[in-house]
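Dear colleague,

I am handing over the structure below, together with notes on what was found in it. Please read the notes with the coordinates open beside you.

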Amino acid sequence: MIKIELATSTVLTVIKTTGLFAPLFFILFHIIRQFLFIPVAVVCVAGGILFGTELGSLYSVIGLTCASITFYLFSRIFPNLIHRFVKMKEKWIGAYTYFSTGQIMILRLIPLVNFSLISLCILEKTKGFMRYVRLSFITHIPSSLCFTFLGASLQKLSPILVAALLLTLLFLIYFLREKQVFIKWEDFFLKEKGTARQ
């Protein structure tokens, strides 16, 4: 597993070479990061070191929102590619599980959760491009602030404390869950037909 320090120093080296265009390239790096399988925390930590915590957090929120917009566009241009994430969601979360805004914010704080999978959950929750962008922007704020301000020190925490933090986040995900389950009209009758045949 690549250590945060090594990955962060690599990102820093790449961004530093761009000079005055560093903020723009940092935002672009957030967009391509999802295709290079680099954790969000690594890029946010690099942003904090390069630009300071305030500007680093701001650039990360913009960059992550742009990455979410890229996912949205890909979902429209390459529906078969997005189908892979739909299958992943059905396997790990469930076909009819929909997260609340609070749950999505918490999931963004867990580095191991796939970025595109959460974007898919937002896509299913919202109707229309602007609502998708707005919700994506809002849910990126806590994770950007957390990773930029605390990211560098997270690796120094004891395993017990990290486990306790993860358990707390998992509890919050359960506590903030939506109390209703929505099933698509056609899926409901498809299920009913399957039951009737048995």
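**Helix α2 and its kink**

Helix α2 (residues 22-36) has a kink of about 30 degrees that is centred on His 30, where the bend at a residue is the angle between axes fitted to the seven residues ending there and the seven starting there. Helices here (H or I, at least four residues) and strands (E, at least two) are DSSP runs, numbered from the N terminus. His 30 itself is among the buried residues of α2, which are Ala 22, Phe 26, Ile 27, Phe 29, His 30, Ile 31, Arg 33 and Gln 34; buried means under 20% relative accessible area, exposed means over 50%, and partly exposed is in between, with a 1.4 Å probe and protein chains only. Just after α2, Phe 37 takes a positive phi of about 60 degrees.

Before going further, please keep in mind that this is a predicted model, in which local features need pLDDT of at least 70 and side-chain atom pairs count only at pLDDT 80 or more, while totals for chains, interfaces and linings use all residues. Residues are numbered from 1 along each chain as its sequence is written, and side-chain values use heavy atoms, with hydrogens and water left out.

**The protein as a whole**

The secondary structure comes to 9 helices and 0 strands, so that the elements, read from the N terminus on, run α-α-α-α-α-α-α-α-α. Of the 198 residues in the protein, 38% are buried. The protein exposes about 12300 Å², and carbon and sulfur atoms supply 71% of that area; accessible areas come from the Shrake-Rupley method with a 1.4 Å probe, and for residues only the protein chains shown count as cover. Taking contact to mean heavy atoms within 4.5 Å, and considering contacts between residues at least 6 apart in sequence, 74% join residues at least 24 apart.

**Around helix α3**

Ser 60 lies in helix α3 (residues 40-77) and is buried, with a relative accessible area of 0%. Leaving aside residues up to four places away in sequence, Ser 60 touches Phe 26, His 30, Cys 44, Ser 144 and Thr 148, and His 30 is the residue on which the kink of α2 is centred. Leu 73, also placed in helix α3, counts as partly exposed at 44% relative accessibility, and its C-alpha atom is separated by 9.6 Å from that of Phe 129, which is 56 residues away along the chain.

Val 14 is partly exposed, with a relative accessible area of 41%.

**Cysteines**

How many disulfides does the count come to? It comes to 0 disulfides, a disulfide being a pair of cysteine sulfur atoms within 2.5 Å. For Cys 44, the closest cysteine sulfur is that of Cys 146, at 9.2 Å, which is too far for a bond. Cys 146 and Ala 41 are 105 residues apart in sequence and 8.8 Å apart in space, C-alpha to C-alpha. Cys 121 is buried, with a relative accessible area of 8%.

**A nonpolar patch**

Phe 137, Ile 138, Ile 141, Leu 145, Phe 149 and Leu 150 form a nonpolar patch on the surface, with about 500 Å² of accessible area together. Patches are made of residues with over 30% relative accessible area and no salt bridge, like charges being joined within 9 Å and nonpolar side chains (Val, Leu, Ile, Met, Phe, Trp, Tyr) within 5 Å; a salt bridge is a side-chain nitrogen of Lys or Arg within 4 Å of a carboxyl oxygen of Asp or Glu. Ile 138, one of the patch residues, is placed in helix α7 (residues 129-154) and is partly exposed, with a relative accessible area of 35%.
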